[in-house]
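Reader: I am new to this structure and would like to look at it with you. Could you show it to me first?

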Amino acid sequence: MNEELDLETLAVRAGIQRSAFNEHSEALFLTSSYVFVNAQQAADRFCNRESGNVYSRFTNPTVTAFQDRLAALEGGEACVATASGMSAILSTIMGLLKAGDHIVASHSIFGSTVQLLVNIMGRFGVTTSFVPLSDLEAWKQAVRPNTRMFFVETPSNPTMELVDIAALSQVARSASVTLVVDNCFCTPALQRPLALGADLVIHSATKYLDGQGRVLGGAIVGSKQLLMDGGIYQFLRTAGPTMSAFNAWVCLKGLETLKIRMEAQSKNALALAEWLERHPAVARVYYPGLPSHPQYDLARRQQTCGGAIVTFDVVGGQSQAWHIIDATRVISITGNLGDTKSTITHPATTTHGRISEEARQAAGIGPGMIRLSVGLESVRDLKADLINGLG
Ligand SMILES: *Cc1c(COP(=O)(O)O)cnc(C)c1O
């Protein structure tokens with residue numbers, strides 16, 4: 001599709017390949033395999049002499065449509081979709097690294113990502129060092145001769161810390177390391193890491209790409225060289241954590257409303273963040289769209305707005321945080337985020353409950369912290385719901 005088109009247009013138009021029926025809306029292809037016209041074609045397809053679908057673990061037209069559309073939105077050459085965000089991270093590591101290799105990651109990354117890096121990859125001889133996200137000097141110092149990958153989330157979960165992607169990509173480039181950015185919190189509607197110098201973008205499509213809390217999904221976007229020749233797609237089609245056609249269809253349609261959802265939810269989030277910052281029962285608000293955020297200038301350069309996640313510390317620690325969460329009637333108490341329905345979480349005892357106290361402190365997650373994923377409800381109703389417990 002035309003690379004000159006705007007994101008809004010690509011979100012509804014990119015990736016469409018109509019079948020012989022000429023359907024207008026994107027079709028859902030629920031098929032595990034594909035029929036060949038003759039034995040010669042079967043042989044050619046299996047041996048890659050002819051391109052085309054063979055088996056849905058390798059390719060499926062609905063999954064391909066989602067991949068092509070997301071690649072267009074992120075400004076990447078290629079995309080591979082996966083069963084979940086975690087399988088996107090796993091496939092990236094399995095595709096590009098081998099025993100003896102080393103990863104540098106930021107302290108403040110998704111809890112399951114820490115588990116995957118430390119407890120699982122560690123067993124296969126891939127080691128990880130953790131550094132403070134925004135400390136570029138620490139990234140430089142952490143590089144060893146066997147370092148192959150930098151892994152970051154920006155903004156980070158749940159402390160909303162940022163890293164200057166362009167500056168970190170310089171560090172990565174001079175060390176010949178692949179820079180992987182988990183773009184879950186911003187999505188391409190607000191931030192495009194590849195244009196800033198990242199090599200790969202990871203998504204949990206479970207979050208904003210679906211956006212309505214229906215399916216699990218993930219994706220990796222980047223150059224054809226890294227994805228197709230570098231081993232990631234090869235791992236995926238061989239090991240099988242591929243995205244299902246149904247989930248791809250849901251996420252494909254989700255992309256059509258991504259930008260208007262992100263903008264509306266971010267607007268609600270900013271209004272809540274400004275209000276929380278003035279509330280006497282709130283000790284601190286972490287939101288990159290507020291001038292009080294220590295990296296506000298970077299946020300304005302790197303993202304189009306602050307996003308739809310607001311984290312805050314309440315006075316009174318865990319018991320007060322739990323009291324506020326339990327007093328909500330509209331907002332859902334759930335660990336998920338990125339939904340049109342607002343959700344509320346106590347990171348220290350849920351998403352980051354299984355990491356060590358030391359790691360939690362390094363990630364800046366205290367007992368009074370609450371993470372709010374702001375949805376499409378009215379700001380008035382959301383405020384009223386928080387006032388139930390906040391006072
Ligand atoms: C949820 C999440 C993941 C994992 O995605 P799943 O789809 O749950 O496997 C990875 N990174 C971030 C930042 C997330 O929020």
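Reader: Is Glu-357 buried, partly exposed or exposed?
Author: This is a predicted model, and the accessibility here is computed from it. Glu-357 has a relative accessible area of 44%. Partly exposed is the class between the buried cut-off of 20% and the exposed cut-off of 50%, so Glu-357 counts as partly exposed.

Reader: How many residues apart in sequence are Lys-253 and Glu-26?
Author: The side chains of these two meet in a salt bridge, 2.7 Å from N to O. Lys-253 sits in helix α11 (residues 245-256), whereas Glu-26 belongs to the loop between α1 (7-13) and α2 (39-46), so their pairing ties together parts of the chain separated in sequence by 227 residues.

Reader: Which residues do salt bridges that share partners join into one network?
Author: The structure holds 16 salt bridges. One of them is between Lys-253 and Glu-26, and both of these residues belong to the network. Its members are Glu-26, Arg-69, Lys-253 and Glu-256.

Reader: Where in the structure does Asp-164, the salt-bridge partner of Arg-301, lie?
Author: The closest N and O atoms of Arg-301 and Asp-164 are 3.3 Å apart. Arg-301 is exposed at 59% relative accessibility, while Asp-164 is partly exposed at 23%. Arg-301 lies in helix α13 (residues 296-302), so the bridge ties that helix to a part 137 residues away in sequence, where Asp-164 lies in the loop between β4 (147-153) and α7 (165-174).

Reader: Which residue caps the N-terminal end of α4?
Author: Helix α4 (residues 85-96) has 12 residues and reaches 17 Å from its first C-alpha to its last, close to the 16 Å expected. Its buried residues include Gly-85 and Ser-87. At the N-terminal end, a side-chain oxygen lies 3.4 Å from the backbone nitrogen of Met-86, and the capping residue that supplies this oxygen is Ser-84.

Notes: Residues numbered from 1 in each chain as written. Predicted model: local features only at pLDDT ≥ 70, side-chain atom pairs only at ≥ 80, totals over all residues. Heavy atoms only, no water. Salt bridge = Lys/Arg side-chain N within 4 Å of Asp/Glu carboxyl O. Helix = DSSP H or I, 4+ residues; strand = E, 2+ residues; numbered from the N terminus. Buried < 20%, exposed > 50% of the residue type's maximum accessible area, 1.4 Å probe, protein only. Expected span 1.5 Å × (residues − 1). Polar contact = N/O pair within 3.5 Å; in protein donor to acceptor, adjacent residues only side chain to side chain.
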